[in-house]
Amino acid sequence: MQTILSESSSDSFYFHNVSFDYNKNEDCDELNIFLVEGEYADHTTPKRLAKITFLAPITWQQMEESHSSFDEYEIRDDGGLIQIIERSRYFDFVNTTYPWYKDIRGKAQHIRVWSQNIVSEVITKEIPAVSWQYA
């Protein structure tokens with residue numbers, strides 16, 4: 001999936017933090033994933049952060065990138081740090097374990113956010129918004 005992150009001159013993004021809160025303007029929950037561009041997250045204040053915002057996420061998980069592996073079962077968009085996953089074992093698990101979300105929210109999709117150290121898997125209705133935040 002092409003985003004403003006695709007236009008960055010850096011090929012390294014590191015997980016910085018995540019926030020989950022209620023968005024009063026949108027009247028729904030909001031999940032924000034922050035990635036540091038070009039340097040590890042423990043360094044001093046980064047020059048800019050990528051903010052990836054999911055409105056009304058259904059479920060999500062995060063894991064160390066080193067624990068992930070290629071899965072031939074998946075059907076995915078391999079273009080960039082944010083991928084749309086059409087078929088995955090995680091999405092199958094969510095659809096089997098929590099099937100009633102479809103009655104409340106309707107059809108959802110699996111979005112994967114890659115970084116050098118953390119992989120975020122999000123089941124959501126909509127494509128996330130991506131923006132830069134400057135220090």
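Which residue of β2 is the bridge partner of valine 18? The legends below, which describe a predicted model, begin with this pairing.

**View 1. Pairing of β1 with β2.** In β2, isoleucine 33 is the bridge partner of valine 18. The strands β1 (13-23) and β2 (28-37) pair in the antiparallel sense over ten bridges. Four residues lie between the two strands of this hairpin, in which aspartate 27 takes a positive phi near 55°.

**View 2. Pairing of β2 with β3.** The antiparallel strands β2 and β3 are joined by seven bridges. Phenylalanine 34 has lysine 51 as its bridge partner in β3. Because nine of its ten residues are buried, β2 is largely enclosed by the rest of the structure.

**View 3. The largest nonpolar core.** This core holds 16 residues, and those that touch the most other members are Leu5, Ile33, Leu35, Ile52, Phe54, Ile82 and Val113. Two or more residues come from each of β1, β2, β3 (48-55), β7 and β8. Beyond residues up to four places away in sequence, the contacts of leucine 35 include Phe13, Phe15, Leu49, Ile52, Val113 and Trp114. A second, separate core has six residues, among them Tyr90, Phe91, Tyr101 and Ala108.

**View 4. The largest pocket.** Seventeen residues line this pocket, and Ser68, Ser69, Glu74, Arg112 and Glu121 lie nearest its centre. Elements giving two or more residues to the lining are β4 (59-64), α1 (89-97), β7 (109-113) and β8 (118-124). The pocket contains about 310 Å³ of space. Its lining comprises five nonpolar, six polar and six charged residues.

Terms used. Residues numbered from 1 in each chain as written. Predicted model: local features only at pLDDT ≥ 70, side-chain atom pairs only at ≥ 80, totals over all residues. Heavy atoms only, no water. 1 Å grid on protein atoms, 1.4 Å probe; cavity = no way out; pocket = protein on both sides within 12 Å on 5 of 7 lines; lining within 4 Å. Points joined across faces, edges and corners; volume = space filled by probe spheres on them. Nonpolar A, V, L, I, M, F, W, Y, C, P; charged D, E, K, R; others polar. Core = buried A, V, L, I, M, F, W, Y, C linked by side-chain atoms within 4.5 Å. Buried < 20%, exposed > 50% of the residue type's maximum accessible area, 1.4 Å probe, protein only. Contact = heavy atoms within 4.5 Å. Pairing = 2+ DSSP bridges.
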